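Please read them with the structure open beside you.

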Amino acid sequence: LISPAHTSTMQNRILSEGKNKLESGGQIGVVAIGRCFRNEDLDATHEHTFYQYEGVFVSQSTSLSQMLGTLRSFFEVYYGQQLKVKTQPAYFPFVEPGLEFAIEKPVALGGKPGEWLEMLGCGMIHPNVLRSAGIDPKKYRGFAWGGGVERLVMLKYGIDDLRYFESGKLQFLRKFV
């Protein structure tokens with residue numbers, strides 16, 4: 001048994017189960033959350049065990065700009081303020097093109113102007129991924145993204161060490177009751 005390193009393995013199931021929706025004129029829009037395990041050197045921003053959220057959206061007219069607008073809107077609503085965002089090319093095997101999506105860390109959340117924080121990986125779903133789920137990539141396009149739940153929470157609540165989430169310390173947990 002191999003522990004999952006990301007939640008991208010859910011994409012095929014999501015796409016295969018949503019194929020009928022597409023063919024009847026609908027869309028596929030799903031967010032999945034899963035526990036992941038990686039061989040990481042532990043520090044305040046890296047942990048071997050964490051939760052990842054993975055989003056998938058597919059329709060006949062999906063575009064890269066739609067993905068970027070969706071992600072920007074999510075982060076602005078979640079953090080309750082307008083944010084500066086940037087992307088840079090990155091390699092992720094299930095999307096093409098692949099991007100890292102970063103936000104300028106808000107001053108209200110402890111950031112300094114010009115300080116960027118990568119929030120997730122994203123991109124347009126690779127045609128082979130659609131094809132493997134029985135979806136025609138000439139007719140349908142999609143985007144996907146994935147990031148760490150703990151990173152969202154850390155930034156929002158000013159938590160300075162990722163290791164607190166797996167520590168089991170009641171003193172930390174009581175801050176959220």
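1. P97 is found in strand 4, which covers residues 95-104. The model is a predicted one, and in it the peptide bond from E96 to P97 is cis, with omega near 0°. As background, most peptide bonds are trans.

2. K105 lies in the loop between strand 4 and strand 5. C122 is 17 residues from K105 along the chain, and the C-alpha atoms of the two are separated by 19 Å.

3. Just after helix 4, G158 takes a positive phi of about 65°.

4. Helix 2 (residues 64-79) and helix 4 (residues 149-157) pack with their axes 11 Å apart and at an angle of about 45°. The two helices are therefore oblique to each other. On the side of helix 2 the contact is made by F74, F75, Y78 and Y79, and on the side of helix 4 by R151, L152, V153, L155 and K156. By class, this contact has seven nonpolar residues, two charged and no polar ones.

5. Helix 1 takes in residues 10-23, which is 14 residues. How far apart should its ends be? At 1.5 Å a residue the helix should span 20 Å, and its end C-alpha atoms are 20 Å apart, so the two values agree. Helix 1 also bends by about 40° at E17.

6. The buried residues of helix 1 are Q11, I14, L15, G18 and L22. An α-helix has 3.6 residues a turn, so residues three or four places apart point the same way. That spacing can be checked against the buried positions on the display. The cover over the buried residues of helix 1 includes strand 1 (28-37), strand 2 (49-59), strand 5 (116-125), helix 3 (127-132) and strand 6 (141-148).

7. Just after helix 1, G25 takes a positive phi of about 95°. For comparison, most residues other than glycine have a negative phi.

Methods. Residues numbered from 1 in each chain as written. Predicted model: local features only at pLDDT ≥ 70, side-chain atom pairs only at ≥ 80, totals over all residues. Heavy atoms only, no water. Helix = DSSP H or I, 4+ residues; strand = E, 2+ residues; numbered from the N terminus. Expected span 1.5 Å × (residues − 1). Bend = angle between axes of the 7 residues up to and from the residue. Buried < 20%, exposed > 50% of the residue type's maximum accessible area, 1.4 Å probe, protein only. Contact = heavy atoms within 4.5 Å. Axes fitted to C-alpha atoms, helices over the stretch in contact; angles between N-to-C directions. Parallel < 35°, antiparallel > 145°, perpendicular 65-115°, else oblique. Nonpolar A, V, L, I, M, F, W, Y, C, P; charged D, E, K, R; others polar.
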